[in-house]
Amino acid sequence: MDTYTLLRSFADSWWLLGMVGFFIGVSAYALRPGSRDIHAAIARIPLGDDAEPAPPPRPMPVLQAEEPSLPIGCRACPRRLAGKCTHER
């Protein structure tokens, strides 16, 4: 029996039973008798008023970019294109 056939037969039989058991367990835990008050309190969270308003968001810091040092005679200098380049003078 090769690996694929073995894993396929396991998935067809035991994996299905395990998943059904997990579903029943989670459902029983959520619907247990003592959890009604907990679920009711959690359901009211979005509707409740906050004790104090949230603080305003802080502004993002502005980072200043440094002027890159360009080699003398740089033909790709942005200041050269504007006519203000001093590299070639």
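Visitor: Where is the place of S35?

Guide: S35 sits in the loop between helix 1 and helix 2, the latter spanning 36-43. The model is a predicted one.

Visitor: Why is S35 called buried?

Guide: The relative accessibility of S35 is 3%. Buried means under 20%, so S35 counts as buried.

Visitor: Which ring does R32 lie over?

Guide: R32 lies over the face of Y29, 4.2 Å from the ring centre. For a charge over a ring the distance must be within 6 Å, and R32 meets that limit at 4.2 Å.

Visitor: How many aromatic pairs does a search of the whole structure find?

Guide: The search finds zero aromatic pairs.

Visitor: What makes D12 and R8 a salt bridge?

Guide: Their side chains meet at 3.4 Å, N to O. A salt bridge needs the nitrogen within 4 Å of the carboxyl oxygen, so D12 and R8 qualify. Side chains of opposite charge can pair when their charged atoms come close. The structure holds one salt bridge. D12 and R8 both belong to helix 1 and are four residues apart, about one turn of the helix.

Visitor: Why is D12 called partly exposed?

Guide: D12 has 48% relative accessibility. Partly exposed lies between the buried limit of 20% and the exposed limit of 50%, so D12 is partly exposed. R8, at 46%, is partly exposed as well.

Visitor: Why is L17 called exposed?

Guide: L17 has a relative accessible area of 54%. Exposed means over 50%, so L17 counts as exposed. L17 is in helix 1, residues 3-30.

Visitor: Which residues form a nonpolar patch on the surface?

Guide: F10, W14, W15, L17 and M19 form the patch, and together they have about 630 Å² of accessible area.

Visitor: What elements does the chain have?

Guide: The chain has three helices and zero strands, and its elements run α-α-α from the N terminus on.

Visitor: How much of the chain counts as buried?

Guide: Of its 89 residues, 6% count as buried. The chain exposes about 8900 Å², with carbon and sulfur atoms supplying 65% of that area.

Technical notes:
Residues are numbered from 1 along each chain as its sequence is written. This is a predicted model: local features need pLDDT of at least 70, side-chain atom pairs count only at pLDDT 80 or more; totals for chains, interfaces and linings use all residues. Side-chain values use heavy atoms; hydrogens and water are left out. Patches are made of residues with over 30% relative accessible area and no salt bridge: like charges are joined within 9 Å, nonpolar side chains (Val, Leu, Ile, Met, Phe, Trp, Tyr) within 5 Å. Accessible areas come from the Shrake-Rupley method with a 1.4 Å probe; for residues, only the protein chains shown count as cover. Helices (H or I, at least four residues) and strands (E, at least two) are DSSP runs, numbered from the N terminus. Buried means under 20% relative accessible area, exposed over 50%, partly exposed in between (1.4 Å probe, protein chains only). Rings of Phe, Tyr and Trp (its six-membered ring) pair if their centres lie within 6.5 Å; planes under 30 degrees apart count as stacked, over 60 as edge-to-face and the rest as tilted. A charge sits over a ring if NZ of Lys or CZ of Arg is within 6 Å of the ring centre and within 35 degrees of the ring normal.
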